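Hi,

Here is the structure I promised to pass on to you. Have a look at it first, and then read on for what turned up.

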Amino acid sequence: MALVTLDTTTVAETDRLDFWRSTVCDQFVPLDVRPSTGGLVSGRVTAASVAGTPLRRIASVPHRFDRTVRQVRSADEDFLQIALARRGRTLVVQDGREAVIGPGEFVIYDSSRPFTFVTSDCFEYQVCLHPKGALPLSAAETAAVTAITFDGRRGIGAMLPPLLSSLNRAIGDDVPEAAQEAVARTIGDVFVALVRSAVPAAAPENLHVTRARGFIREHIADRDLDPAGVAAACAISVSYLHKLFAEEGTTVAGAIREERLQGAWADLRRPELAHVGVGAIGARWGMPDPAAFSRAFRTRFGRSPKAHRES
């Protein structure tokens, strides 16, 4: 968690613009960095990392930052990011939405799609870049919450500012690796809570769907669990069960698979299960074929079960 500060005042005036652009791209993700001022560029980035989760603080003069389609296509990083405004006002654009954040407010945005930040005056943000592969969130969930203004003083959003401030105070201390990993998991849990708190509430589930989902959770370890067994337990036909889940925007098999993969995702990061093999974790959740489990896990989360555990 070593703290590094990069400041334009440490380089010659003629080199400051190039230094600043390369600093921003190196410490965040590749961007088009365009200061709005005609004079000397001044800016500062403070950087640290907690178990692979980058933490940044950036302050500068008015800017426009663009993440372009070309930069997305050539990128190898994939982060879900939060920018908490400490000073200034900023327009954020992504996924066809626009949000304006001021001090105490924050926004979620995704490095895997183009975005734009436009600041109207001098600004300062705290930014957390969380690897998307370490979050049990679907693409639909993350796409639904980008470029939405969150209030860091109310509701679940109120958890974020003190968390980031406490991390800033802890950075630089001799924090053991195991503690850093626990902190990174906590940050990830906050991301999940924020995303799921902002996804528009769905209509109440049909009673049969509620019963079906309950049966699935209770019998998830049964490798033979299938739509026919779920329908029989709910005393409805298989065709009607499929119709009900289709109205929820999913399938019965998809609901079973998601429940299994979410459970395995959580177990693979539990320290008390570190001695249990990856294949055994899959079997615990009704996926006894290690190769099929690994393929399904990689498809869902973008990394193998082994890589997820090691991360």
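The partner of β2 is strand β5 (residues 63-67); the two run antiparallel and are joined by four bridges. Two strands count as paired if DSSP finds at least two bridges between them. Within this pair, D32 sits opposite D66 of β5.

Before you go further, please keep in mind that this is a predicted model, where local features need pLDDT of at least 70 and side-chain atom pairs count only at pLDDT 80 or more, while totals for chains, interfaces and linings use all residues. Residues are numbered from 1 along each chain as its sequence is written, and side-chain values use heavy atoms, with hydrogens and water left out.

Now the whole chain. The secondary structure comes to 12 helices and 12 strands. Its C-alpha trace spans about 75 × 40 × 35 Å along the principal axes. There are 311 residues in the protein chain, and 45% of them count as buried; buried means under 20% relative accessible area, exposed means over 50%, and partly exposed is in between, using a 1.4 Å probe and protein chains only. The chain exposes about 14700 Å², with carbon and sulfur atoms supplying 54% of that area. (Accessible areas come from the Shrake-Rupley method with a 1.4 Å probe, and for residues only the protein chains shown count as cover.) Take the contacts with a separation of 6 or more: 73% of them are between residues 24 or more positions apart. A contact here means heavy atoms within 4.5 Å.

Next, the open sheet. It has seven strands in the order β1-β3-β4-β11-β6-β9-β12, and the pairing is antiparallel. At the edges are β1 (4-7) and β12 (150-151), each pairing on one side only. Strands of a sheet pair through backbone hydrogen bonds, either parallel or antiparallel.

On one side, β11 pairs with strand β6 (residues 79-87) over eight bridges, in the antiparallel sense, and A85 has Y125 in β11 as its bridge partner. β11 also pairs with strand β4 (residues 53-60), again antiparallel, over six bridges; here A59 stands opposite E124. How many residues of β11 are buried? Nine of the nine, so β11 is largely enclosed by the rest of the structure. F123, Y125, V127, L129 and P131 point one way, E124, Q126, C128 and H130 point the other way, and all are buried.

There is also a cavity to find. The count comes to one cavity of 30 Å³ or more, and the largest cavity has a volume of about 130 Å³. (On a 1 Å grid over the protein atoms alone, a cavity is a set of points where a 1.4 Å probe fits but cannot get out, and lining residues have an atom within 4 Å of a point; grid points are joined across faces, edges and corners, and a volume is the space filled by probe spheres set on the points.) Its lining includes V24, F28, Q81, F115, Y125 and V127. The elements that give two or more residues to this lining are β10 (115-119) and β11 (123-131). By class, the lining has 11 nonpolar, one polar and no charged residues. (Nonpolar covers Ala, Val, Leu, Ile, Met, Phe, Trp, Tyr, Cys and Pro; charged covers Asp, Glu, Lys and Arg; the others, Gly among them, are polar.)

Last, a few loop residues. A147 is not a glycine, yet its phi is positive, about 55 degrees. A147 lies in the loop between α3 and β12 and counts as buried, at 3% relative accessibility. A235 also has a positive phi without being a glycine, near 60 degrees. Is A235 buried or exposed? A235 counts as exposed because its relative accessibility is 68%, and its place is the loop between α7 (227-233) and α8 (238-247).

Cheers

Technical notes
On a 1 Å grid over the protein atoms alone, a cavity is a set of points where a 1.4 Å probe fits but cannot get out, and a pocket is an open set with protein on both sides within 12 Å along at least five of seven lines; lining residues have an atom within 4 Å of a point.
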